[in-house]
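Trainee: Can we go through this one together? I'd like to start with the overall picture and then look at charged pairs.
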Amino acid sequence: MPTEPLTDGVPRTGQPRLLSDEEQRAWRAYIRLAQLLMRQLDRDLHPLGLSMHDYEILVELSEAPHRRMRMTELADRTAQSRSRLSHQVNRMEARDLVSREDCEGDKRGTFAVLTPHGAAMISQVAPHHVASVRRHFIDQLGQHELSTLTGAYEPLLAELRLNRERD
């Protein structure tokens with residue numbers, strides 16, 4: 001499914017330019033790594049009572065001002081649809097990890113808020129998660145490789161975030 005880059009959100013016309021063998025190898029390695037790494041990190045969190053989605057939401061809220069964030073922003077920050085995030089937050093509310101609060105002055109807006117139990121959980125689980133990230137990713141790479149990945153991925157992430165904001 002390789003295609004030409006988008007121009008202002010519109011695909012270029014004409015025949016798609018196929019990936020070279022090297023490009024295909026890089027693309028598939030990235031996809032497989034991302035899937036397997038997330039699966040492994042999720043597996044490592046489960047005995048501690050969290051999923052990777054739970055952890056990601058708890059981290060975002062723990063770093064947010066007043067430990068709360070609008071649901072729409074949280075969906076964007078976690079790259080989830082608003083509907084999927086709403087279901088995830090419902091499950092987390094049932095476990096007293098987060099709560100919801102109405103936005104003052106905006107009857108349609110809702111905040112997701114980190115509860116004291118959620119804050120305690122992230123504090124307890126974070127060292128285990130960091131150890132898992134180190135074991136399965138960071139410690140597998142040298143400093144030059146990490147810098148190269150960061151330099152390559154940050155501009156791509158910025159572009160994808162801009163595209164998401166336009167949607």
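Mentor: A definition before the surface figure: accessible areas come from the Shrake-Rupley method with a 1.4 Å probe, and for residues only the protein chains shown count as cover. The protein chain exposes about 12,000 Å², and carbon and sulfur atoms supply 54% of that. This is a predicted model, in which local features need pLDDT of at least 70 and side-chain atom pairs count only at pLDDT 80 or more, while totals for chains, interfaces and linings use all residues. Residues are numbered from 1 along each chain as its sequence is written, and side-chain values use heavy atoms, with hydrogens and water left out.

Trainee: How many helices and strands does the protein chain have?
Mentor: Six helices and five strands. Both are DSSP runs numbered from the N terminus: helices are H or I with at least four residues, strands are E with at least two. The order from the N terminus is β-β-α-α-β-α-α-β-β-α-α.

Trainee: And what does the C-alpha trace span along its principal axes?
Mentor: About 50 × 40 × 25 Å. Of the 167 residues, 26% count as buried; buried means under 20% relative accessible area, exposed over 50%, and partly exposed in between, with a 1.4 Å probe and protein chains only.

Trainee: Now the charged pairs. How many salt bridges does a search of the whole structure find?
Mentor: Eight. The criterion is a side-chain nitrogen of Lys or Arg within 4 Å of a carboxyl oxygen of Asp or Glu.

Trainee: Which residue does R77 form a salt bridge with, at 3.1 Å?
Mentor: E60, with that distance taken between the closest N and O atoms. The pair links distant parts of the chain: R77 is in helix α3 (residues 71-77) and E60 in helix α2 (residues 52-63), 17 residues apart.

Trainee: Is E60 buried or exposed?
Mentor: E60 counts as buried, at 14% relative accessibility. R77 is partly exposed, at 46%.

Trainee: Where do E73 and R77 lie?
Mentor: Both are in helix α3, four residues apart, about one turn of the helix. Salt bridges that share partners join E60, E73 and R77 into one network. E73 is partly exposed, with a relative accessible area of 37%.

Trainee: What about R68, which residue is its partner?
Mentor: E101, with the closest N and O atoms 3.0 Å apart. This pair also links distant parts of the chain: R68 in strand β3 (residues 68-70) and E101 in strand β4 (residues 98-103), 33 residues apart. R68 is partly exposed at 29% relative accessibility, and E101 is partly exposed at 35%.

Trainee: Change of topic. At what angle do α2 and helix α4 pack?
Mentor: About 90°, with their axes 11 Å apart; α4 covers residues 82-94. Axes are lines fitted to C-alpha atoms, for helices over the stretch in contact, and angles run from 0 to 180 degrees between N-to-C directions.

Trainee: Which residues make the contact?
Mentor: H53, D54, I57 and L58 of α2, and R84, L85, Q88 and M92 of α4. Contact means heavy atoms within 4.5 Å.
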